[in-house]
Amino acid sequence: ACPMKQSPRLLANFYKKAQKAERKKQHVKALRLYQRVMHTDRRSSRQFKAAMRASRIAKRLKRFRVMERLIRFAIKRRPKNARAHTALGLALLPKKPADAIKSLVRAAELGVKNPGDVLAAMAEGFARQGKGAEASRTLAKAIKARASEEGIRSARAAMSASVSTQTMVKN
């Protein structure tokens with residue numbers, strides 16, 4: 001699928017229209033416009049930005065499969081972007097914790113602004129897989145790395161749920 005040829009001025013206009021729609025909370029319209037930029041603009045930097053912004057909108061609209069596809073599109077444009085790998089890891093966490101951990105590890109390797117939050121998300125992923133010991137070790141590292149309260153709370157909740165589920169299975 002080769003991008004269609006359109007003038008850079010027209011493409012910039014699509015991007016600006018998408019931003020305006022996003023500010024006005026016209027999320028569906030903004031999503032469509034960002035997707036149009038992604039598939040017509042030849043500049044990978046604008047494609048990346050459009051995909052990442054579109055993924056945030058898809059999350060707001062609870063279109064999680066769309067969000068995952070958009071983030072993967074962004075990663076293809078910038079494979080060494082830690083923020084994109086972090087976003088993918090967080091998107092995959094509820095349904096695919098093993099894949100989420102892989103993406104979060106990649107983000108940490110690339111260097112993230114707050115490694116504590118990535119470690120907290122990894123702890124949550126381990127907990128969701130029933131790997132309590134690994135989750136505890138990773139959460140301790142997250143706390144040392146100054147993870148946000150929200151990240152720590154989320155990891156602890158997943159660990160607690162994992163322990164409850166394991167107890168129910170044993171009984």
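Which residues in α7 meet which residues in α8? First, the ground rules. This is a predicted model, with residues numbered from 1 along each chain as its sequence is written. Local features need pLDDT of at least 70, side-chain atom pairs count only at pLDDT 80 or more, totals for chains, interfaces and linings use all residues, and side-chain values use heavy atoms, with hydrogens and water left out.

**Stop 1: α7 and α8**

Select 115-128 for α7 and 132-144 for α8. Helices here are DSSP runs (H or I, at least four residues), numbered from the N terminus. From α7, pick Gly116, Leu119, Ala120, Met122, Ala123, Phe126 and Ala127; they meet Glu134, Ala135, Thr138, Leu139, Lys141 and Ala142 in α8. Contact means heavy atoms within 4.5 Å. These contact residues divide into 9 nonpolar, 2 polar and 2 charged. Ala, Val, Leu, Ile, Met, Phe, Trp, Tyr, Cys and Pro count as nonpolar, Asp, Glu, Lys and Arg as charged, and the others, Gly among them, as polar.

Now look at the axes, which are lines fitted to C-alpha atoms over the stretch in contact; angles run from 0 to 180 degrees between N-to-C directions. α7 and α8 pack at about 165 degrees, with axes 8 Å apart. That makes the pair roughly antiparallel (angles over 145 degrees).

**Stop 2: α3 and α4**

Select 44-60 and 64-77, which are α3 and α4. Their angle is about 160 degrees, and their axes lie 8 Å apart. They are therefore roughly antiparallel to each other. On the α3 side, the contact includes Phe48, Met52 and Lys59; on the α4 side, Phe64, Leu70 and Arg77 are among the residues. The contact divides into 12 nonpolar, 3 polar and 2 charged residues.

**Stop 3: the largest pocket**

Select Lys59, Thr86, Ala87, Leu90 and Ala91, the lining residues nearest the centre of the largest pocket. A pocket is an open set of points on a 1 Å grid over the protein atoms alone, where a 1.4 Å probe fits, with protein on both sides within 12 Å along at least five of seven lines; lining residues have an atom within 4 Å of a point. Its lining has 34 residues: 15 nonpolar, 7 polar and 12 charged. Finish on α5 (82-92), which gives the largest share of the lining, 7 residues.

Conventions
Helices (H or I, at least four residues) and strands (E, at least two) are DSSP runs, numbered from the N terminus. Angles under 35 degrees count as roughly parallel, over 145 as roughly antiparallel, 65 to 115 as roughly perpendicular and the rest as oblique.
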